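Subject: A structure for you to explore

Hi there,

Here is the structure I promised to pass on. Have a look at it first, and then read my notes below.

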Number of protein chains: 6
Amino acid sequence: MKILIINPNSDPEMTAAIQRSAEEYAGTEFGVVCKPTPGAPLFIETYEDTLQAAPGMIQLLKEEEEGFDAFIIACHCDPNLEAMKEITTKPVVGIGEASMKLASMLGHRFSVISTTVHSIPNKEAQVRKLHLEGVLASVKAPPEEMAGASDEEKVLRAAQLALEEDKAEVIVLGCAGMSGLDKRLSAQIGAPVLDGVVCALIIATGLVKYGLSTSKIRRYNPDY
Amino acid sequence: MKILIINPNSDPEMTAAIQRSAEEYAGTEFGVVCKPTPGAPLFIETYEDTLQAAPGMIQLLKEEEEGFDAFIIACHCDPNLEAMKEITTKPVVGIGEASMKLASMLGHRFSVISTTVHSIPNKEAQVRKLHLEGVLASVKAPPEEMAGASDEEKVLRAAQLALEEDKAEVIVLGCAGMSGLDKRLSAQIGAPVLDGVVCALIIATGLVKYGLSTSKIRRYNPDY
Amino acid sequence: MKILIINPNSDPEMTAAIQRSAEEYAGTEFGVVCKPTPGAPLFIETYEDTLQAAPGMIQLLKEEEEGFDAFIIACHCDPNLEAMKEITTKPVVGIGEASMKLASMLGHRFSVISTTVHSIPNKEAQVRKLHLEGVLASVKAPPEEMAGASDEEKVLRAAQLALEEDKAEVIVLGCAGMSGLDKRLSAQIGAPVLDGVVCALIIATGLVKYGLSTSKIRRYNPDY
Amino acid sequence: MKILIINPNSDPEMTAAIQRSAEEYAGTEFGVVCKPTPGAPLFIETYEDTLQAAPGMIQLLKEEEEGFDAFIIACHCDPNLEAMKEITTKPVVGIGEASMKLASMLGHRFSVISTTVHSIPNKEAQVRKLHLEGVLASVKAPPEEMAGASDEEKVLRAAQLALEEDKAEVIVLGCAGMSGLDKRLSAQIGAPVLDGVVCALIIATGLVKYGLSTSKIRRYNPDY
Amino acid sequence: MKILIINPNSDPEMTAAIQRSAEEYAGTEFGVVCKPTPGAPLFIETYEDTLQAAPGMIQLLKEEEEGFDAFIIACHCDPNLEAMKEITTKPVVGIGEASMKLASMLGHRFSVISTTVHSIPNKEAQVRKLHLEGVLASVKAPPEEMAGASDEEKVLRAAQLALEEDKAEVIVLGCAGMSGLDKRLSAQIGAPVLDGVVCALIIATGLVKYGLSTSKIRRYNPDY
Amino acid sequence: MKILIINPNSDPEMTAAIQRSAEEYAGTEFGVVCKPTPGAPLFIETYEDTLQAAPGMIQLLKEEEEGFDAFIIACHCDPNLEAMKEITTKPVVGIGEASMKLASMLGHRFSVISTTVHSIPNKEAQVRKLHLEGVLASVKAPPEEMAGASDEEKVLRAAQLALEEDKAEVIVLGCAGMSGLDKRLSAQIGAPVLDGVVCALIIATGLVKYGLSTSKIRRYNPDY
């Protein structure tokens, strides 16, 4: 089994980090390749960024469709996910949907850690699109006074605050760029911490093994 | 006041029809221009169509931003609307959001007439995004046995069925291509029928006159 | 075009303030008259106040129906709005519904500024009636320790707190008596501030111009 | 204990029917008096009817407040109920709220039988106001082809259809004028049938006996 | 009329306290007996506790079914309530459902006081099961720094905080063990305080007197 | 890795069928054992059945906890699932939750096929508990006139009707007893068909491999 992870941005470092997390989960059980999106911005933050990543994502999916068994969209805002599910008959899984649906099975409510305050409303809109607003504790960004701290310290602090202030029981890392922090963070806070890349691999490999994919009855059928 | 109507597809006929409806409403009170989207598909139906329209829509908005007071996105599925609101500081109105929010003020529940059964789930997802699922009677496509009938007959039949079967009290034309059918249809069924292009002009001209536009506090702010 | 603004209370000062805001928006484009409600309380705050305004509002609407093209109910709690929509076949718009539906198109979530803590639950019930609870950041009253401050200072402070504490992106003035504060307030807080009277004029004049009014299919049909 | 049942209309026959149902439930345990509303319409169906009943209802409540322990509003649309709860410190119960809240404890979903198709949307809006839309099977009016049948036959047929078509498990009589049909109907359809007058008596007498009434913390407090 | 109150735990002290509250409400009007559950834990807090109480509760209900007119489940989390409603054709009322449905009729929003922070998520899940999340202000536990205070002081403080911080207007005692605190607490905070045992008696005796019970149409029918 | 599948009923045939489906998915990748529940009913249909299975399920989980890496509850109504998640620190997955959460990622809306009309309301309550009511097309039982048909014909017909009448795009087998029908059924109807046992294995094995389990922060923590 071979899984292609499409990193919707063009950042080689983030691509490498995602590749490492994926390989660590895959071990020798299945093959996994993470590719950056040609022509995409270095980071996906705005709605325009999302659209600018689209041509490259479509091209990548169509070019690589033959050679892989399933596809993962590795940006936590699930950019252009509906189109990806529509284009191919093979399974496509977003790291946002995978991590938040799994989180909803592991505790009463989950919080998503976002890098900036700016992306909180966008994330809330995404959570609602996934019909998960009833199990969301909060979308939590690190406090602004921590501007000088390391990324790991910031994520840790935001996660602690989500547990204390918002009564979250599960933490979801809200950015593919946080990939790799999950285990250490979980040990520190005493609660499950979900890396979307791994969560999407769980779902995608399961679907491939089971022989399931997106329904082509209507919504995700490109031919109508 | 000058309003630019961006037709997200590249069909010259639909562009001309939208232009006519808009001029009829505008009269001599304000200027209105409808332009097709360069490089876009002839018709927007799939999620991929939506993304393929994006580069041309962004280009059109940026090129014309200076010369107009507000922008209307004239496809009823409001393609790429969040990005359009984010890119400019001037008002941007989707014909889907405008027509369905106005419809919610005119009766108990509204139905949206869609051209095909294929677009019913996509439209339902859009209605939920707009927080209007509680006032939606149905998304209604013409019965498949009417395949040979004229477009106007099909829309009429679907609207009648929405009133009878789904207890709709207001009808929303679910495609910019139905522009111009509103008045005749309303006379035939005895209920308000809303053309999204006119509805968006009501909102957009009102916002310009009042001096209001999209909040740049967070969600639609491109600089963060 | 002539619009009648029914002020559901009997306060001549508030009636004059509404008239000024309305004329400023109308300019020479359409005629607008604001009238107080005969026999109504000086201020509408309680549920009983709402009912005591009803006979005068009904009388005013019936007496003036011929001479105007549309009617606005200029109290932000939209008192007796369903009955007004039922009685006449001409458009009727509440300043509460108009301002909050427009606000939902301009940002992620809006807050309504109310004069007193007392009216917060009533306003929340109204927001739910309009199916807008999913886009409400908060109903915000000025902090009680500001009892001695001017009305404008109080509204400013409440709006600032709504942005900071409740993550509102748009502010709605929750009382017709705040009419006129919108522009200054918006400049101070850097976010859209909506005066319901102007918002209702946008919708009402648009409906008249388009030839649309309340559906008489069932809910708002007085003859059954 | 003495309960005043306010019939919001002025129909002496309906007042007598309500009185009979109430006395049958009360037996010798408590006193109950049903009074029609002075100046109200003969039947409450439209929103304007509701407002025209208001002055008489307020007058009746204020005049009789001293002499009774609790008040019931005996029209299933709960007209002006918020104001009634606000005006007095004694318990006020609507037959709509009482019957539908009790129904929600007796089965999976309930249907409300309404006399006419006209009142279906109004009833749906009321059900939502009571936060009961999630346990509503349907609001059901008798089929129009039964125009010539007796009231009892019509209600029976509507109830049967609600069970078969809408999977209701409990039936609520949606009009005080149906008072007295409950037991026979229940025997015929094999499901609980709730008369709102009796349901309101259950709640109102319980509140009096327990010493509970409407909270005056904020929403229903006339002094602010 | 005779009501059996099933205390799902096996604590004789709590059983006696419930018996006292019940008798005080019943007076000489009806008979009431509270029995502990054989084989049940001393206190019901976890999900496993709930299941361990089940065999004894089923046995008690079946053994006593003949001799009583209705049954009350006197633990505020309504343990095994669906099964109890299914097993007998006589009315069964949970003190959780009864108190929270009544509370929703007495004010804008209610708070439930829980003994520990641990049971907050379980209570929130129960509130949602009852379709009451829209009228819940909060589930409130006493602040942890009050560990040394008396139970009554703790409940009082939690109730005060619910009113101030969460804008509750009605307080529901979230544990049968708080039975008897209602009147004193209500006097101290100036808001209605509901003891679930009394609330369930109001509903259960009303149902018996009216001749109503659980619908056996489908959901609660053991024979299918 | 070794997974224990707890069949909440005591039927050896159904246990064997589940074992076969599970082994087919597991192949040589992981070990899987399905055990019936000692003392449980032969089939779980009523709420009482659920409780009667509880002691055996708890006993089985506690006895086998050491020897397995994760546990699956193999009855589609997820009986006693909260308690199972609470008792052990290892992952526990219900076949209902797993199949319906996966289904929500594969199409616009899903339908659950239930064996009898009786279990429709119970299933609807479960769907709501999982916060999935917004993506449910319907719970569908075979038409009653098919009483004489084979189980497979009945499920096929119900699935076809769900696609045609309720616009489902994905089918979920609503009973562990339907295990094994998925592939043939999917080929016949042209839409994904999900067997909950396999879905739960996807999630459970993924969680084990990733090192994740139920949060013990509060809701599912037995020690408080």
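**What I found**

Let's begin just past helix H7 of chain C: there, Gly190(C) has a positive phi of about 70°. Keep in mind that this is a predicted model.

Now step back into H7(C) itself, which spans residues 182–189. Which of its residues are buried? They are Asp182(C), Leu185(C) and Ile189(C). These residues lie on the same side of H7(C), because the arc they cover around the axis is only 70°.

Chain D has a helix pair for you to look at. Helix H4 (residues 95–103) and helix H8 (residues 196–210) of chain D pack with their axes 8 Å apart, at an angle of about 85°. H4(D) is therefore roughly perpendicular to H8(D). Ile95(D), Ala98(D), Ser99(D) and Leu102(D) are the residues on the H4(D) side, and they meet residues of H8(D) including Val197(D), Ile202(D) and Ile203(D).

Finally, two chain pairs do not touch. Chain A and chain D share no contact, and their closest C-alpha atoms are 15 Å apart. Chain C and chain F have no contact either, with their closest C-alpha atoms 15 Å apart.

Enjoy exploring!

Note on methods:
Residues numbered from 1 in each chain as written. Chains lettered and ligands numbered in written order. Predicted model: local features only at pLDDT ≥ 70, side-chain atom pairs only at ≥ 80, totals over all residues. Heavy atoms only, no water. Buried < 20%, exposed > 50% of the residue type's maximum accessible area, 1.4 Å probe, protein only. Helix = DSSP H or I, 4+ residues; strand = E, 2+ residues; numbered from the N terminus. Arc of directions from axis to C-beta. Axes fitted to C-alpha atoms, helices over the stretch in contact; angles between N-to-C directions. Parallel < 35°, antiparallel > 145°, perpendicular 65-115°, else oblique. Contact = heavy atoms within 4.5 Å.
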